[in-house]
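Take a look at the model below.

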Amino acid sequence: IEMSFFGCSNSPAGVRCVQLDEHNACRIFGMPERPQVCSGLKPTPGMCGDNREQALAFLQKLETLTRP
């Protein structure tokens, strides 16, 4: 996998996406330039957890499991 949930534009897993603003909102949300890995992600309650920390922990686990 060349694109991660935290990074985009072929950045390695664990690298923050350059398209996230200071509030962690995607600057290119809804635009055709948004990577497929982002637009294809369909969050579920189990994935999001009860708070931001749980959601980020879940994403980190996904990155670890999909690291080359």
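Among contacts (heavy atoms within 4.5 Å) between residues at least 6 apart in sequence, 34% join residues at least 24 apart. The model is predicted: local features need pLDDT of at least 70, side-chain atom pairs count only at pLDDT 80 or more, and totals for chains, interfaces and linings use all residues. Residues are numbered from 1 along each chain as its sequence is written, and side-chain values use heavy atoms, without hydrogens and water.

The protein has three helices and zero strands, in the order α-α-α from the N terminus. Helices here are DSSP runs of H or I, at least four residues; strands are runs of E, at least two. Of the 68 residues, 21% are buried, meaning under 20% relative accessible area with a 1.4 Å probe, protein chains only.

Asp21 sits in the segment before α1 (36-39). Asp21 is buried but has no salt bridge, which would take a side-chain nitrogen of Lys or Arg within 4 Å of a carboxyl oxygen of Asp or Glu. The nearest side chain of opposite charge, Arg27, is 5.6 Å away. A polar atom of the Asp21 side chain does lie 2.8 Å from the backbone nitrogen of His23. Beyond neighbours within four places in sequence, Asp21 contacts Arg16 and Arg27.

Cys26 is in none; its nearest cysteine sulfur, that of Cys17, is 6.2 Å away. Cys26 is partly exposed, at 27% relative accessible area; partly exposed runs between the buried limit of 20% and the exposed limit of 50%. The sulfur of Cys38 is 5.8 Å from its closest cysteine sulfur, in Cys17, too far for a bond.

Key: Lys and Arg count as positive and Asp and Glu as negative; His and the chain ends are not counted. A polar contact is a pair of N or O atoms within 3.5 Å; within protein, one must be able to donate a hydrogen and the other to accept it, and residues adjacent in sequence count only if both atoms are side-chain atoms. A disulfide is a pair of cysteine sulfur atoms within 2.5 Å.
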